[in-house]
Amino acid sequence: MKQISKSIFYIGTDDVDLDLFESQYPVPEGMAYNSYLIKGGKIAVLDTADARKGEEWLANLAEALDGAKPDYLVVHHLEPDHSALISKVLELYPGLVVAASAKALQMLGQFFPGMDFGGRTLALKEGDVLDLDGCSLKFFAAPMVHWPEVMVSYEQESGTLFSADAFGKFGALSVSGFYGEEEDDWACEARRYYFNICGKYGQPVQNLLKKVSELDIKTIAALHGPILRKDLDQYFKLYDIWSKYQAEKPGVLVAYASIHGGTAKAAKLLGDMISAKGVRVKMMDVARMEVSEAVEDGFSYDKVILAASSYDGGLFPPMYNFLHHLQDKAWQKRRVGFIENGSWAPCAGRIMKDMVSSMRDMEIIEPIVTLKSVMRPEDKPALEALANEIIK
Ligand code: FEO
């Protein structure tokens, strides 16, 4: 069992067999459901785990308790990947009290219908301190990071921030390393996790960053991903960029979805034209890319070209799917140009433009470049003009 500080023990579990997190995100490196035990004079269990790992989690808890009885079950976040075992642990430990936000307590019964929580709850609010006799947890509301009931807490003696989903990442700890310090690219899977799970909630994340900026944080213990304790500024800086919807990387993303290659050829030529001007280009075949990865790249650049075929009187579905995901995640503050292709009635450009125009603070580059089936030499000046405009 891992010990994070004098009083804090790790009791979470790895899930390396999970195919899709939230039934939608591929997790080739598995997933960690982090959970902690704080042992002061009083004992608090911090969150539980996904039902898939029930037995293992209960065994970890029993080992860490070493015969002692817990006083509180702190629920930072009620989503079932962390809370599935609440009823089980309450049955096992009759003296245990659930400590959570009023909103979480209000929602609790929805997840455990028929369970009587009477006399076994403690409502927490912003600024409350749970005294564990020798250590203590101070609570901060973090609504919409990622659900409305979320709280984070700060263990005041060790300087540990229990950050709920914030600063989480895809990947089991057996792959990333427990402290993630062996890993050279925390940001890769943390970025994909952030934009797909919390991307819509930039302002709530900003609010949380502001609240915790006053704290002397020595360790970040999220509900997923490694425990972070080195160069913490790097993680706060990235979260600040991401939650402000700023571009993290310089350059232009050229995202294309091409049925028979004609659109791809024009997109690649446009990419070469932009590169020739000394600007970094990232090419992305939307039709062949897992959509959560594509969303991550969509948020990483602030200049984006969308190139797609027309299809069934509409937009080629892989591009529609990509844009629909970006729309859901509040994609904003981007400069966007378009290439459309259509053999008899090109309409992809109008649909992409309408979708992007409905988003916040978007700069649309006109005109849309229209191809008829394949690129011709006479299309090149329009592509060159688009290359000049996007990098402005
Ligand atoms: Fe990891 Fe929003 O649950």
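A search of the whole structure, which is a predicted model, finds 1 cavity of 30 Å³ or more. A cavity here is a set of points on a 1 Å grid over the protein atoms alone where a 1.4 Å probe fits but cannot get out. Grid points are joined across faces, edges and corners, and a volume is the space filled by probe spheres set on the points. Rolling a probe the size of a water molecule over the atoms shows where empty space is left.

The largest cavity holds about 40 Å³ of space. Its lining consists of Tyr36, Leu46, Asp47, His76, Phe162, Ser163, Ala164, Ala221, Ala222 and Leu223. Lining residues are those with an atom within 4 Å of a point. By class, the lining of the largest cavity has 7 nonpolar, 2 polar and 1 charged residues. In this scheme Ala, Val, Leu, Ile, Met, Phe, Trp, Tyr, Cys and Pro count as nonpolar, Asp, Glu, Lys and Arg as charged, and the others, Gly among them, as polar.

As for the basis of these values, residues are numbered from 1 along each chain as its sequence is written, and side-chain values use heavy atoms, with hydrogens and water left out. In this predicted model, local features need pLDDT of at least 70 and side-chain atom pairs count only at pLDDT 80 or more, while totals for chains, interfaces and linings use all residues.

**Chain**

The protein chain has 13 helices and 22 strands. These are DSSP runs numbered from the N terminus, with helices (H or I) of at least four residues and strands (E) of at least two. Along the principal axes, the C-alpha atoms of the protein chain fill a box of roughly 80 × 40 × 35 Å. Of the 392 residues in the protein chain, 58% are buried. Buried means under 20% relative accessible area, exposed over 50%, and partly exposed in between, with a 1.4 Å probe and protein chains only.

**Pockets**

A pocket is an open set of points with protein on both sides within 12 Å along at least five of seven lines. The two pockets compare as follows.

| Pocket | Volume | Lining | Nearest the centre |
|---|---|---|---|
| Largest pocket | about 320 Å³ | 18 residues | Ile259, Ser309, Ser310, Gly342 and Ser343 |
| Second largest pocket | about 230 Å³ | 16 residues | Gly180, Glu183, Trp186, Gln234 and Tyr235 |

In the largest pocket, the elements that give two or more residues to the lining are α9 (262-275) and β18 (303-311). β18 gives the most, with 3 residues. The lining of the largest pocket divides into 5 nonpolar, 12 polar and 1 charged residues.

In the second largest pocket, α6 (186-198) and α8 each supply at least two lining residues. The largest share, 3 residues, comes from α8. The lining of the second largest pocket has 7 nonpolar, 2 polar and 7 charged residues.

**Aromatic rings**

Rings of Phe, Tyr and Trp (its six-membered ring) pair if their centres lie within 6.5 Å; planes under 30 degrees apart count as stacked, over 60 as edge-to-face and the rest as tilted. By this rule the count comes to 21 aromatic pairs. In one of them, tyrosine 25 and phenylalanine 170 are tilted, with 5.9 Å from centre to centre and 45 degrees between the planes. This pair links distant parts of the chain, 145 residues apart: tyrosine 25 is in strand β4 (residues 25-26), and phenylalanine 170 is in the loop between β14 (160-162) and α5 (173-176). Tyrosine 25 is buried at 3% relative accessible area, and phenylalanine 170 is buried at 1%.

The pair of tyrosine 239 and tryptophan 242 is also tilted, because the ring centres are 5.5 Å apart and the planes are at 50 degrees. Tyrosine 239 and tryptophan 242 are 3 residues apart in helix α8 (residues 232-243), so about one helical turn separates them. Tyrosine 239 is buried, with a relative accessible area of 1%, and tryptophan 242 is buried at 0%.

Both residues belong to one aromatic cluster, formed by Phe167, Trp186, Tyr194, Phe195, Tyr235, Phe236, Tyr239, Trp242, Tyr245 and Phe299.

Charges also sit over rings. The rule is that NZ of Lys or CZ of Arg is within 6 Å of the ring centre and within 35 degrees of the ring normal. The charged end of lysine 39 sits over the ring of phenylalanine 9, 5.5 Å from its centre. Arginine 229 lies over the face of tyrosine 179, at 3.3 Å from the ring centre.

**Cysteines**

The search for disulfides (pairs of cysteine sulfur atoms within 2.5 Å) finds 0 in the whole structure. Cysteine 135 is buried at 1% relative accessibility, and cysteine 347 is buried at 9%.
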